[in-house]
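Below is a walk through one structure, taken element by element. Please keep the sequence and the 3D view at hand while reading.

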Amino acid sequence: MSTLELVGVTKAYGKTIAVDGIDLRIENNEFFCIFGPPSSGKSTILRLLLGLAHPDSGKVLIGGRDVTDSPPASRDLAMVFQNLALFPHLTARENMAFPLRERHETQAVIDAQISNVAEKLHILPLLHKLPGQLSGGERQRVAIGRALVRKPSAYLMDEPIAALDARLREEMRVELKRLQREVGHTLVYVTHDQEEAMSIADRMAIIWKGRVAQIGSPDDIYNRPVSKYVAELVGSPPMNFIEGTVRSGRFQADGIALDLPLAGLIDGRIILGIRPEDVAVSSAMPGQKPSGFSIFETEPLGAFSIVDIIAGDTILKAQVRGHAKFPLGQEVNLHVDPSHCHAFDPINGANLLLNGQR
Ligand SMILES: Nc1ncnc2c1ncn2[C@@H]1O[C@H](COP(=O)(O)OP(=O)(O)OP(=O)(O)O)[C@@H](O)[C@H]1O
Ligand SMILES: [Mg+2]
């Protein structure tokens with residue numbers, strides 16, 4: 001029930017700058033994901049919010065109040081750590097009761113809260129067990145439960161479901177999203193899984209080398225990435241990138257037969273970006289002019305297939321519906337919708353079509 005803010009925060013460990021001048025404002029009751037590659041500073045951001053790390057410069061605000069110098073206990077945040085630590089000698093139930101006992105809640109309140117949360121997390125039958133008797137996934141759910149039994153001003157979770165298997169992870173993320181909506185609390189959720197971030201976040205921050213690369217809704221990040229770096233990080237298979245030249249409103253790729261109208265750009269070198277789902281493929285007709293594209297590999301994945309198309313030494317990926325029936329080596333035509341193309345600066349990676357240029 002609180003906003004969380006980092007204002008110009010930097011945190012270094014020796015020579016490593018873990019967080020580099022970050023400004024971040026997480027709104028009240030928002031499901032906010034922090035997404036980025038390993039060692040980008042995600043956990044450090046949570047530790048700064050929680051008060052386990054002190055910024056070298058900048059401020060931390062909770063609910064508009066400056067808590068930069070306040071101890072963790074006074075910040076009223078509940079945390080699920082990346083390397084979760086349950087008390088090994090306490091049962092799952094007593095682990096979950098712990099934060100409530102610390103707050104001197106009555107046994108009736110403790111029992112009611114634990115039953116309520118345990119039911120939602122499907123761990124009711126496990127409550128009598130010790131952590132050593134639980135699987136990794138079960139332990140993770142108990143750790144989430146321990147955070148959820150409290151009613152803090154915000155929840156912070158660091159890769160809370162990373163140890164679960166894929167199916168359970170999908171279930172849990174839907175469940176967490178629902179729980180967060182029901183409870184109506186601010187939740188900051190760190191993940192290195194882009195699909196997970198895209199599927200649950202109201203808004204997300206992409207962190208790169210201790211900096212914010214972009215903040216926005218999953219739709220913003222996916223469809224309006226500010227840079228090639230962000231574009232590459234979200235979406236699977238990743239966006240295709242093709243170098244080439246723009247001249248008088250047309251894009252001409254280097255070395256491959258791709259020539260498109262592309263409005264809104266000044267003449268010069270660009271990197272064209274096109275997502276696999278925006279590339280359509282059709283068989284070449286007998287007698288047509290050679291297209292220069294042929295099938296390199298197809299990967300049927302049930303509802304859709306990933307088709308790798310080779311042209312010279314460039315491989316482009318297309319995502320097509322259903323089971324792709326192209327024989328290997330077959331010549332094909334590519335269809336790219338220019339209105340779905342992105343254009344990036346080859347030097348600094350900036351998205352050249354944002355900011356009203358198109
Ligand atoms: N207590 C510490 N002492 C020294 N260096 C640290 C400490 N905590 C973090 N770092 C360094 O700061 C950088 C950012 O670490 P952080 O744990 O925030 O990354 P992360 O994005 O959470 O990574 P991961 O995805 O691997 O969990 C890393 O280079 C890390 O080695
Ligand atoms: Mg981490």
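Strand E16 (residues 293-300) and strand E17 (residues 304-311) run antiparallel and are joined by six bridges. The model shown here is a predicted one. Within this pair, Thr298 has Val307 of E17 opposite it. E16 and E17 make a hairpin, with three residues between the two strands. One residue of that turn is Gly302, whose phi is positive at about 95°.

The chain then goes on to a further pairing. E17 is joined to strand E18 (residues 314-321) by eight bridges, and these strands also run antiparallel. Here Ile310 stands opposite Ile315, which belongs to E18. E17 and E18 again form a hairpin, this time with two residues between them. Gly312 sits in the turn and has a positive phi of about 60°.

The domain assignment of the protein gives domain 1 as 4-233 and domain 2 as 240-344. The centres of domain 1 and domain 2, taken over C-alpha atoms, are separated by 40 Å. A cis peptide bond runs from Ser236 to Pro237, with omega near -5°. Pro237 belongs to the loop that lies between helix H8 (228-233) and strand E11 (240-247).

The next stop is helix H1. Seven of the nine residues of H1 (residues 42-50) are buried, so the helix is largely enclosed by the rest of the structure. The buried residues are Lys42, Thr44, Ile45, Leu46, Arg47, Leu48 and Leu49. Just after H1 comes Gly51, which takes a positive phi of about 95°.

Although Ser39 is not a glycine, its phi is positive, at about 65°. Is Ser39 buried or exposed? It is exposed, because 12 other C-beta atoms lie within 10 Å, and a residue with 12 or fewer counts as exposed.

Another non-glycine residue with a positive phi is Asp76, where the value is near 55°. Asp76 is found in the loop between strand E5 (65-66) and strand E6 (77-80). With 16 other C-beta atoms within 10 Å, Asp76 is partly exposed.

Ala92, Arg93, Asn95, Met96 and Ala97 are buried in H2. What do the buried residues of H2 pack against? They pack against helix H3 (107-120) and helix H4 (136-148). Just after H2, His104 takes a positive phi of about 55°.

Terms used:
Residues are numbered from 1 along each chain as its sequence is written. Chains are lettered from A and ligands numbered from 1 in the order in which they are written. This is a predicted model: local features need pLDDT of at least 70, side-chain atom pairs count only at pLDDT 80 or more; totals for chains, interfaces and linings use all residues. A residue is buried if 20 or more other C-beta atoms lie within 10 Å of its own, exposed if 12 or fewer, and partly exposed in between; C-beta atoms are placed from the backbone. Helices (H or I, at least four residues) and strands (E, at least two) are DSSP runs, numbered from the N terminus. Domain bounds come from an automatic or database domain assignment. Two strands pair if DSSP finds at least two bridges between them. Two residues are in contact if their C-beta atoms, placed from the backbone, lie within 7 Å.
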